[in-house]
Each structure stands twice: as structure tokens, then as C-alpha cells.
Amino acid sequence: MAVYEHDVLVIGGGLAGMRAAIAAQQLGADVAMVSKVHPVRSHSNAAQGGINGPGVGEDGGPWEEHAFETTKASDYLGDQDAITVLAQDGGGEVLQMEHWGVVFSRKPDGRMAVRRFGGMGKARTFFVGAITGQAILHVLYEQLMHPARFQAMRMYEEWFVTSLIVDDGQCRGCVALNIRTGELHAITAKATIVCTGGLGRVYEPSTNALICTGDGIAQAYRVGAPIMDMEMVQIHPTTLKGTGVLITEGARGEGAYLLNKDGERFMQKYAPNMMELASRDVVSRAEQTEIDEGRDVDGCVFLDMRHLGEQLIKERLEEIYEIARDLVNIDIAKELLPILPGVHYIMGGIKTDVDGLTPVPGLYSAGEAACVSVHGANRVGANSLLDTLVFGRRAAEHAVPWLKGKVFRPIPESVVEKDRAMIRGILDRPMDGDRVARIRRDMGVSMSANVGIFRTPERLNKQVEELKALRARYEKVGVEHKGKVFNTDLLFHLELGYMLDCAEMITKSAIERKESRGAHTRLDYPDRNDAEWLKHIVLTKQPDGSEKMSYLPVTITQWQPQERKY
Amino acid sequence: MKVKLKVKRTDPEKGITGYSQYTLDMHDSATLLDALISAREYEDGSLALRCSCRSAICGSCAMRVDKRARLACRAKVIAITGGDEEHEILVEPMGNMPVIKDLVIDQESFWTKIRQVDPYLQPAGPVPEGEYRVPNEAMLDLTHTMNCIMCGGCVSDCTVLEVDKNFIAPAALAKAYRFAGDPRDGHTVERLQKLSEYGGIWDCTRCNMCVEVCPKGVAPMNRILQLREMAIEAGITNNTGARHTAIFTKSIVDGGRLNEVWMVPGSVGMFNLPRIMTELPGALKMLRAGKLPLAQVIPPGAPGSHKMKGMDRVRNVVRKSAMLKPKKAEVTD
């Protein structure tokens, strides 16, 4: 068995992962990155609309404003110490990206331009057309391609992590499958930073890429790291009819309207001040209400961009123009675009402190996989990119000094052998007529039906039963392909296991939270209940395999909870 | 809608290649990727392909569809078949890169070429306290190039790379433009010098294939042409490509048509006898076919060289097109 040893192991090659890797390297650490896809294929690409830049010039605005709006949007479930860090460090990260070469759109005076995003009192979101995430992702990869960095960093590209290694109470790296050879190896490290992104594929449909299967969240859960706020699943207000593809909030930021089948700007009824730019949970609930009450066309409402003009659309929303043209054959400069709410983001995840550290020594997390928590019950648009950069960097900056003087402990071969046996077990199973894809689809459709925008005890309890049945099917299902090289059939099986873990955590937490807050709407408890539920729900797997549910208080520093109106 | 696929298969473990045929029942708005995923999930778990975002931003699913590189997620079945359900769509891995399995190619050579163009910003002076102040037009221009998702389609179908592995190829050259054209970058001249060497900007034959297959409108060839103009502007002219452009222009401005006699020595260098000799057989053939008019023995610009009628108009066109040349933007403070 080849032995791989590194100071810092970053799992995931998206924004959080690359930012962490660069920061760790700048501090002189020996860094490795393992990613199941090439870094530029990561889902950070999909963040179209922009990145908030608190404190960047006048347009970024004072950090306190951004922090307050983030807190309010979180429906006061966000931890205010963490939100303060996000707002105070955020501006520096945006400028760092600009200095590394991100081609931010400009104003006539040459300074960076801003657009308005939902939940924000003013325009403070910096952007690159409608490809902000893609532009930053590619620029970070440019930085990694610098010879000094590239030669010093080990890239385990297209390696799939099967488990985290926790030995003697510390995280010591991971076991991973080289997708190209089918061989399993231990990659040992003094510090491991999980930056594996979200879990959107637990739902069907979803805006998320096919790779967003909650791997890191499930892996961390399995080794005993606490998982927090899992009931908080963000439903994005504008996803494309029939495809679930994301239409950026930047469209509404540039002035697009939402119309129902009667051509009415229905947000007047739900958020008379902020209208289309109210918080995402508010807008999605409004749309779903319009749809449920029959003011829809084929289950959709409309995004109206006709009045924005062709020039603005081509300059600032080109990506949306192309997606609409290519996927639904609609010219957004001339026609209405049918949209509906769709699953987009998980506010919850691996519980960390403001330095990305989990209660398991040596195990860090950042980005969507983590829950610091800065997003609370609802994330503001353009805060996800900011979150990845700020906490990716901070995790590395905490990990590198921490690991100095630590020594490698040899990892017993049995650690790898355990996963090897697990995989052999899957490959040896006979095909019994069921398929991984079928179980995954049934999981996604049932999660959307039962743990979606409006939640009831009946639906939630029904989902518990559904998930039990799906779990039973999963334990028996085999894979058709037995080969070693690029066996995606096997990978999808392993991913489904991660997704089922996540689906169970989401459902359990949603049953537990008996109030409505942010993205979590219980029809049987329609109001927010600060007296009982101003707290986080935390799930932790115990050494004996059982699960413990506990609570953590919300950190409140300067913004007392108040009624949330837009 | 019935969808018929014929997919090229490579099994590296058994060392065999062949084709698999699938007939699938898909909804009318299905993309080729939807069909391939359906085949993989419900018909044949051994079929390997990369895919992730389903919306043309991750660059994973580039492959050859009826012999042209495309993103499977952007290829609507109905647009490929024209609604003919009997049309069997031929799906093959991209070209110019080795196959790992089925539709999965090894993109290492692609990335090696990207790294060859020093693909990171090298700022001119000290980093400003705030952002660099630069014109929006420059950022919008670069954003078009940043639209590149590194799918490899242009490299797959590049006709030069097919015959010369040394060519840096369209994607990397477009990436190079993203820095050479960035007002914040301080190494434009060094970059252009390196790009003017063998394998660089002058080796493109302008076949336009990369422009046609690019799913993101990056139009790599046009970026290559911009780099050529920038290189000449910067005085990097001591190479065949730049000299070819110069003698070409001179020939047109002087006489209104190409002077075939002086094209070769003008391009490779007047005293580059060995190189000129290699062109002799071709020149003799042209002579026999009457394509080297004797009047062209006089070099363009020399007294007595041949002039077309209406030279004023020709020169006017040349002058006007020269005015269209954009200038590289600069940091404004």
C-alpha cells in the first residue's frame, strides 16, 4: 500500500477548498487536495449573481449593515459572532480576488460595480456578469497553476473519498478511491479540511450539480462530528421550468418582476417594501402560495425581464439569456420566462467554530459543507461565495499553526481494508431488479413532496417511513458494472449512501423544530417561537452507533431578534 | 420521443473498443446528456462519461456528437435529429486527447498546455489598497474569454493540433489573451514574445473550427488574432508569422493583390535560403500553372511594381480597417 502523508489535506476543490489550500501553502504547509472532479468542474461555478463585499469602498457599505441584514435574513438563527467575522473579513477577500485577477464589472470611474440582491437594503453585491462563481473559481485555479504552487501541492484529482480516518480521537486524513485505477489508499494528514459542498441532489428536482451529494457532511457525521441546522434547506425562488436549472437572483437584482398567470406582481401582497428582492424564503413561499392557489400556468409563475432591454440583458445576464434560449427556447428580452421554486442550498452542515474547527481535533470544514453558522435559517444571496472564501482561508490559518510539532501516526492497513471490504460487498451483491438510480429518484421525489417548502407532521412522518424503506432497498441493491477503471456505477452507489444519511438528518431535524423560521415552514406551527426555538438542533452519532439529538444556543451579540418584515 | 444512440466504447481493462447502441424513450425536450444518463442508469451501468452541472458551466460533458465536439448538456436531441426518430446519434469521445474509458478522456495534455502560457495574473507594480481602477469595456472584453469553461471542445477539434502536437491550441491561447489583454497585468510584452514562438499564435491556420465548436462563444481563434495584432504592435515581428502578415499587407497596399513571388522569401526571411529552397518545387508548379505572373518579379513597393486599377479604394479599405484596431486598456490610477 502506497502511503501518502501531508500536513494539510483539503477535501474538495471548489472555492472553499482552493482558498484553504492556497492559504495553507502560503503559511508553508505541505498541502494536498483530493477532489472527485477536477477543481474547475466544482459546483462553485453555479453561483452566478455575485459576492457581497462588506467594507469595500462606499458601495460595499459598512460591515455592520451587511452583518445586520445577514442576521435578519437568517431569521435570527445565525450566530452573530460568526456573522461578524464574515462581514469583517469579507471585504478583504473580495479585494484579494480582484487583485488575483477576477474581472469584476466596473462603473464608469473604473471602480467595481454593484448590483442589488435579495434581503439586502442596498446594492452591495459585486459581480462578473452572470458568471461570478465561475470567474472566481477559475481565477483561484489560475493561482494554483503558478509553478511555485503547482509543483509543491499534491493533487489527488478524480479521487473519491470513502471515509474519514479518526484514530485516537483525532482526524488523520481519509481513505479514498482513485477513480482511474479503482484502487483504495489512505491519505494521511495532520489536519483535514472538508470542503465538499452541499447536498442538493437529495432532492429532485434541484438546482445543484449531479456531484452535490453531501459526501463530506455524511462522512463527518459517520466519524462523530456534530451536524447542525439540517432542517434549513434553501429553496431558491427562480429555477427553470422542467429542468430545475438556476436562474440567478441577479435577474431580480437588475429589476426583473415576478408575475402570476394574471400578470400581477404578486409580491405586493407578501413583501410590499422589498417586493421581488425580499429574502429567498419569503419569495419562494409567496410563489408556492400562488401556485397552490391556482394562479399559476403549468405549475409555474413568470420572471419578466422584457423591460430591462436587450443591451442590459446581454451585458449583465448573458448566461441567463443563453440558458433560456438553449433549454426552453425563450427569448427573455421579448418573452416571459416560466419559473418555480427549487431546492438550492443547505444552510446546515458540519458544525464548526469561526476558524472552521469541529469538535473532532484535526477535522475542519468550510463552505457549504460546514455550518458556522452564518446563514442560520435562510442564506442571503451572494453570501455563499463570501462564506467559502472567508472560512476556507480561516480554517487553513488555524490548522497550520495548530499542526506544527504534531507527528504522523502510522495508519493501520485495517482502516483501508475495512472500506475495501465494504466496496467488495457492494460489487459482490447480485442485481435483484432494483437500481441505485431508481432509489435515488424515489428519495429525491419523496423529499421534495414531504420535506419541501410547506411542512406538516403527516408529510414529515410519512417521509420517515419512506426513508426506512429506501434504506432497506439500499442495503440490498447492487451495481451492474464490476470494473475498476472509472466505475461510476460504484461511485453512485456510495454517493446514494451519503445522500440517505443527509435525507434522514434533514427529516429528523425538521420534525424536531416545532415552529416556522426562515426556510423551515411548519403549517402546524406557523409562527416563529423564540422562547422555545431560538436554538440550533444538533445531531451527533455516538461511538455505539446510536444518534444523539442536542441543542446549542444561538450566539447573540448586538442584534436582538425582532419581527422580520420585508 | 424515441432516441437512438450509437456510443463508442473503450474498455481499458479488457483492451477492447467497439460501439454500443441504445434506444431510449425520452421526453421531447431531452438533451443528449439526459439520454446518456438514462442509458447509463437504466440500461448499462458500465457506460462511463463525465457530467455534473447540466447547464454548460462545469465543462465536464464535452464529447463528439455526429463528429463534432459539443457539450452533451447543451445538445438538444431534437435539434440534432431534426425530429427524425430513426436518426442514430453517433457519440464518441473528444479527439486529440487519449481515452481513459468510453467517453472519458485524459485531459492532462490540455492542462499542460494551459500551464504553458503562465496562466496567472502578474501585476505590474505594487498592489493598490482598493481595487485596480480599469475601464469596464476591458473587463467586459475579458469576461467573454473568462466564459471559457475549459471543456476542451476546441482542442478536440483543432485541425492544427491533429498534425502538430506542439501547438499550444485554442483554449490555452484564449487563456493567454485573458492575461495579455488584462490592464492589470504587467508582463504583456514577455507574454507576447513567448506566444510568438513555435507552437504559438502564428501556428493557427485560421480554420475557424474552434469558433464553431465553442459552446460558450469564446471564439478562441478571434482571441488568437487579437494576440497577433498585439504582438505586431509591440514590435515582436522577427518571426515567420509576423513577416508573412507584413509582406501580405505591403503587397496589397502596393499593388492591390498578393505578390506570390515575394510571399515566401518575404515571410521566411530574404536570406533564409534553405527554407526558400524547400518551397521551390511548389513555386515551379505554380509557375507552370501560370500562377506566378512575371510582373510580380519586382518586389512590392519597388519602382515599377504592378498596380491594380483603383488602388485608392484599396488603400482606403486598408486604412479604415487599421482604425478598427482596439488599443489595450490601462489601469487608470
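## Exercises on a two-chain predicted model

The area buried between chain B and chain A is about 5500 Å², and carbon and sulfur atoms give 51% of it; buried area here is the accessible area (1.4 Å probe) that two parts lose on being put together, summed over both. This is a predicted model, in which local features need pLDDT of at least 70, side-chain atom pairs count only at pLDDT 80 or more, and totals for chains, interfaces and linings use all residues. Residues are numbered from 1 along each chain as its sequence is written, chains are lettered from A in the order in which they are written, and side-chain values use heavy atoms, with hydrogens and water left out.

**Exercise 1.** Determine which residues of chain B lose the most area to chain A.

*Solution.* Begin with the contacts (heavy atoms within 4.5 Å), where 65 residues of chain B meet 64 residues of chain A. Then turn to the area, for which Y42(B), R54(B) and E131(B) lose the most in chain B, together 13% of what that side buries.

**Exercise 2.** List the buried residues of helix α3 of chain B, and find what covers them.

*Solution.* Helices are DSSP runs (H or I, at least four residues), as strands are (E, at least two), numbered from the N terminus. Just after α3(B), D118(B) takes a positive phi of about 50°.

**Exercise 3.** Describe the lining of the second largest pocket.

*Solution.* A pocket is, on a 1 Å grid over the protein atoms alone, an open set of points where a 1.4 Å probe fits, with protein on both sides within 12 Å along at least five of seven lines, and lining residues have an atom within 4 Å of a point. Of its 32 lining residues, the closest to the centre are W202(B), R206(B), R228(B), G241(B) and T245(B). The elements giving two or more residues to this lining are α10 (220-233), α11 (240-255), α12 (260-268) and α14 (311-323) of chain B, and the largest share, seven residues, comes from α11(B).

How values were computed. Buried < 20%, exposed > 50% of the residue type's maximum accessible area, 1.4 Å probe, protein only.
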